[in-house]
Amino acid sequence: MRQFVHLRLHTEYSLVDGIVRVPDLMAAVAAAGMPAVALTDQSNLFAMVKFYKEALAAGVKPLIGVDAWIREAGERAAPSRVVFLCQNLLGYRHLTQLVTRSFLEGQQRGAPMLERAWLQSDMLQGLIVLSGGAQGDIGQAIARGRDAEALRCLTRWQELCGDRFYLEVQRTGRAGEEIQAEAVLELAQERGVAAVATNDVRFLTRAEFEAHEARVCIHDGALLADTSRARRYSEEQYLKSPSEMEVLFKDAPELLDNTVEVAKRCSLQIRLGSSMLPAYPVPAGSDTEGFLRDEAVRGLGIRLVAPAADARMDAYRARLDLELGVICSMGFAGYFLIVADFIRWARENGVPVGPGRGSGAGSLV
């Protein structure tokens with residue numbers, strides 16, 4: 001039996017069109033003997049930490065990515081899809097920047113969008129890019145019968161990504177998909193571009209299709225029984241086993257092999273369970289802990305004014321030394337300096353602060 005890796009999958013964290021639960025996904029992937037699986041939720045990375053942990057616990061290689069929308073030029077132009085997969089930490093950083101920017105600057109009717117101008121070669125370093133299937137720019141050009149445009153789109157992606165760009169081929173029984181698949185395979189052969197098989201997974205088993213449709217209707221504000229509602233999905237978009245995919249692509253087995261190659265090219269390692277604070281800038285000749293102590297002592301001197309404070313000074317100094325010892329021994333000196341910097345800036349700029357109930361509540365420091 002050939003190996004196969006699902007490279008395009010929406011979990012329940014996609015919010016709009018996925019009902020896959022991460023623990024159930026990992027159990028199914030492990031049971032099917034698949035070595036890896038990708039997370040490509042719609043426009044977000046909400047499930048990433050949970051997905052990453054569950055995958056490692058199940059002995060499955062986690063592939064981290066996003067299924068994104070690209071705003072196309074023209075008022076009536078439909079947006080196109082693209083799928084990003086992180087090869088490494090550089091790619092992950094670029095992906096988080098793109099996703100963040102899509103939420104902050106690219107909102108269109110409530111949907112985060114990427115702009116074409118943002119997709120420069122430097123911002124795509126460290127990312128594997130999949131064509132987006134029938135909804136990608138190449139797929140849309142093929143559907144309109146514009147072969148020259150499809151070729152221009154492919155050339156543009158190749159210039160940006162080189163051999164990190166893959167054409168997607170899907171066979172999920174949706175309208176026009178077979179013609180689309182044939183055209184993509186011809187294009188891949190003519191241009192020498194690698195292609196991969198994806199099943200655009202939205203649920204784990206065929207029996208969950210109706211539950212998925214209910215989820216879609218909730219998002220769209222439609223009725224499940226409405227015969228005129230848009231039907232964008234098929235019951236074939238479940239987590240198919242490698243043997244099922246082998247039967248489905250028996251005429252193009254290399255598309256399955258390429259999914260495994262893509263998985264091998266992705267080796268993102270994420271460090272979890274530790275705090276990662278920026279290094280607080282301290283004066284020359286000082287270190288973080290020493291500067292915190294100096295600032296705390298200085299602040300105490302400002303607040304305790306003689307002679308009323310003379311009787312309490314020793315007690316306050318003892319308490320301050322005790323607190324500083326605990327804070328520094330736990331590695332939180334930089335944290336306290338950073339928070340103090342936030343508060344100082346807020347007060348200087350007329351922003352109300354506190355009193356708050358955080359990790360420093362009641363602390364003399």
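Q: What do the buried residues of helix H6 pack against?
A: The buried residues of H6 pack against helix H4 (137–143), H5, strand E8 (165–169) and strand E9 (195–197). Contact means heavy atoms within 4.5 Å, and buried means under 20% relative accessible area, with exposed over 50% and partly exposed in between (1.4 Å probe, protein chains only). Helices (H or I, at least four residues) and strands (E, at least two) are DSSP runs, numbered from the N terminus. Keep in mind that this is a predicted model, where local features need pLDDT of at least 70 and side-chain atom pairs count only at pLDDT 80 or more, while totals for chains, interfaces and linings use all residues. Residues are numbered from 1 along each chain as its sequence is written, and side-chain values use heavy atoms, leaving out hydrogens and water.

Q: How do you know where the buried residues of H6 lie around its axis?
A: These residues are Glu-177, Gln-180, Ala-181, Val-184, Leu-187 and Ala-188. Their directions fall within an arc of 130° down the axis of H6, so they line one face of the helix. The arc is taken from the directions between the helix axis and the C-beta atoms. Turned away from that buried side are the exposed residues Ile-179, Gln-189 and Glu-190.

Q: What span is expected for H6 (residues 177–191), and what span does it reach?
A: The expected span of a helix is 1.5 Å times one less than its number of residues. With 15 residues, H6 is expected to span 21 Å, and it reaches 21 Å from its first C-alpha to its last. Gly-192 follows H6, with a positive phi near 65°.

Q: What makes Glu-323 count as buried or exposed?
A: Glu-323 has 15% relative accessibility, so it counts as buried under the cut-off above. This residue sits in helix H11 (residues 310–329). Leaving aside residues up to four places away in sequence, Glu-323 touches Gly-362, Ser-363, Leu-364 and Val-365.

Q: Why do the buried residues of helix H2 belong to the same side?
A: Met-48, Phe-51, Tyr-52 and Ala-55 are the buried residues of H2 (residues 48–58). They cover an arc of only 100° around the axis, which puts them on the same side of H2. Their packing partners are helix H1 (22–31), strand E1 (36–42), strand E2 (61–71) and helix H3 (89–105). Gly-59 comes after H2, and its phi is positive, near 75°.

Q: Why is E2 described as largely enclosed?
A: Nine of the 11 residues of E2 are buried, so the rest of the structure largely encloses this strand.

Q: How do you know that E1 and E2 pair?
A: Two strands pair if DSSP finds at least two bridges between them. E1 and E2 have seven bridges in the parallel sense, and Ala-38 stands opposite Leu-63 in E2. The chain crosses from E1 through H2 to E2 in a right-handed β-α-β crossover. Right-handed means that, with the strands pointing away from the viewer, the path from the first strand over the helix to the second runs clockwise.

Q: Which way does strand E3 run relative to E2, parallel or antiparallel?
A: E2 and E3 (residues 80–86) run antiparallel and are joined by six bridges. Phe-84 in E3 is the bridge partner of Val-66.
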